[in-house]
Amino acid sequence: CFGFPLSIFFIVVNEFCERFSYYGMKAVLTLYFKRFLHWDDDFATAIYHTFVALCYLTPILGAIIADSWLGKFKTILYLSIVYTIGQAVLSVGSINELSAHNQSGSTSNKALNIALSLIGLILIALGTGGIKPCVSAFGGDQFEDHQEKQRSTFFSLFYLSINAGSLLSTLITPTLRATECGIHTKQECYPLAFGVPAILMAVSLAVFIIGSKMYKKVKPQGNIMLEVSKCVGFAIKNRFRHRSKEFPKREHWLDWASEKYDKRLIAQTKMVLKVLFLYIPLPMFWAVFDQQGSRWTLQATAMDGDFGFQIQPDQMQIVNPILIVIMVPVVDSLVYPLIKKCKLNFTPLKKMTVGMFLGSLAFVAAALVQVQIDKTYPVFPAAGHAQIKLINLGVAPATVQFQPQLQSVDVAPSGESGYMTFETSKLQSLDIISASLNKTESLRLLAGKRYTLAFKLNPTGNNSNLIQDNIASKPEDGKSLVRFINNLPFTVNVTMDNMDFEELDPFSVSNYSSIPKPDWSYTISASTSLATCTVRSKEFGFGGAYTISVNNCTANQLNITYFEDMPPNTVHMAWQIPQYFLLTCAEVLFSVTGLEFSYSQAPSNMKSVLQAGWLLTVAVGNIIVLIVAGASTIKKQWAEYVLFAALLLVVCIIFAIMASFYTYIDPNEIEAQLSEEEKKDKKDQDDKEKRAEADSRM
């Protein structure tokens, strides 16, 4: 078809569906850990990076299985089945009703959900990692030797399908997650967010199987990674055996493998190890880069995503693939030629060094954004202290004196004070004075808690209600919370659209409820058996908490007052774009150049060894993050960002020093020399055999 083997179209569609499945699932994973499984930020980050590390460790296993045992086709087929099962198990594991034992659907026992989720993730890591080194190579196998141009076009289409799958899934699955579903209670719809990627993976598997009769299937020919490992292992063992001084030294420690392995393999292994040595500092870059899906997503949950339309925190990751699509051609066609015209020797290793430096700057930018976010966080009481806020629901100003003679505060009618902090051992009571009326309220506050005192003094009677505010942090699901206080002299039933706050007696307060869509306006209704009054609410925003007093009703129009218990997110998500831009620049310089450099410095039959080494650096980088997340005693997130920026900067300097000692080689030239030497050795051997044969005749 158009000069291409028909089979490659099945492979491209297969890759698009698989990448959609993987990146779609991965985009919502951190928020699933935090909001559904209720893990804290550090543990959610650690498990996320454990999963990513597994995804980059298993390709080595997949490559060995494909090259030494099953072949690429069967490896892709069997591991895709494992992959599809894993996606299905994860989707089922995210169903809230599996662990819900009451009509509210809320429960602290998520053991079954956690078990199924972890089993699903392990199967996904085995599947996606196992097929990673096989699919592109299997596509390349479909072409004949004379189809170089078509093969090159295929790889362009192949990587386009990867980016398209990544971009679309990162946009779609967070939107699916943000929808609400459930039997007993409506929650974020993780079964749908994981279910769609599971369906796409099933489609990927089906498409791959449909094309099976068209594929060119190359038999396993042995794995070069095993040969290299055996060669290195034998050299080390042989050198250890001959460690005494009576044995003469050899030019290179790998030369100790010459008793068992030929010169060509030893020379090729030397070239590979020279590049792999440069890989040692690289994991630190990936430790920074892969935090887009963990720490940066968590950072976005505390930000305002209103772009005229609502952006979900996990959708901000889409900035990276969009910038990649734009920047790769711009850098290749404009930036590099401009640098060349300036006669600057911008070698691949220098590009990688600059990339690491930009990665460090990206985390400095993230730290600056985090400092601004921290300024918007409420300050909760420390040990031995409590906080109290005053709400005056009366029509006259009031003065409140905290006893014994601690502080005096004026509160306007229908007004509020901010939260005030007191030592619980000192604060005993407060006096409320409004016009000619006064009331004394005894206080017994618990340490570490927040309270709201709502009061109303009038000639017909004084009312007050001390409420413990059962919130100790920003809302975990990123939404806003609302509660109602009845400021009417009779009982009313309060609703907000389909949210029922039930009947409220005079001066009583409802519990906080989460607002399903904080960027929407709702109809607030207060009703009795005789009448119903309504009013449209304001848009609450994300991450806030509000108390709304129901005051009176005029011509069926409800009069309400808003009191802000916790401010909504005010730092805009757009402030994350600079850090994404810097990290994407870093990726273009580091990742694209790194692979290109590695391939240019290794023999053609050793590409898979370097690919395995490159993927291993990604895995180790993610292990570094989970170690830091698990062991770090740093309390402030901005300080952790600075720590990673500093570590990457130090590693960048080390890499620059290592790179300055590296000598670029031409593997083709070295292999040509080896071929000449082999021909000469063979000729010498043939001449020797001929002389020996002539001597025997004489």
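Predicted model: local features only at pLDDT ≥ 70, side-chain atom pairs only at ≥ 80, totals over all residues.
## A viewer tour: domains, their contact and salt bridges

Start by selecting Arg-19, which is buried at 6% relative accessibility (buried means under 20% relative accessible area, exposed over 50%, partly exposed in between, with a 1.4 Å probe and protein chains only).

Residues are numbered from 1 along each chain as its sequence is written, and side-chain values use heavy atoms, with hydrogens and water left out.

Now colour by domain: domain 1 is 1-222, domain 2 is 281-376 + 572-681, and domain 3 is 385-566, with bounds from an automatic or database domain assignment. The C-alpha centres of domain 1 and domain 2 lie 23 Å apart. Their contact (heavy atoms within 4.5 Å) takes 29 residues from domain 1 and 27 residues from domain 2.

How much area is buried between domain 1 and domain 2? About 2,500 Å², with 67% of it from carbon and sulfur atoms; buried area is the accessible area (1.4 Å probe) that two parts lose on being put together, summed over both. Select His-49, Tyr-56 and Leu-167 in domain 1, which lose the most area to domain 2, together 21% of what that side buries.

Two salt bridges are counted between these domains. Next, pick Arg-177: Asp-314 forms a salt bridge with Arg-177, the closest N and O atoms being 2.7 Å apart. Arg-177 also meets Glu-188 in a salt bridge, at 2.6 Å from N to O. Glu-188 sits in strand E2 (residues 187-188) and Arg-177 in helix H6, eleven residues apart; helices (H or I, at least four residues) and strands (E, at least two) are DSSP runs, numbered from the N terminus. Both Glu-188 and Arg-177 are buried.

Move on to Asp-255 and Lys-270, whose side chains form a salt bridge at 2.9 Å, N to O. Asp-255 is buried at 17% relative accessibility, whereas Lys-270 is partly exposed at 27%.

Finish at Thr-376, in helix H13 (residues 348-376). Leaving aside neighbours within four places in sequence, Thr-376 is in contact with Pro-567, Thr-570 and Val-571.

Key: Salt bridge = Lys/Arg side-chain N within 4 Å of Asp/Glu carboxyl O.
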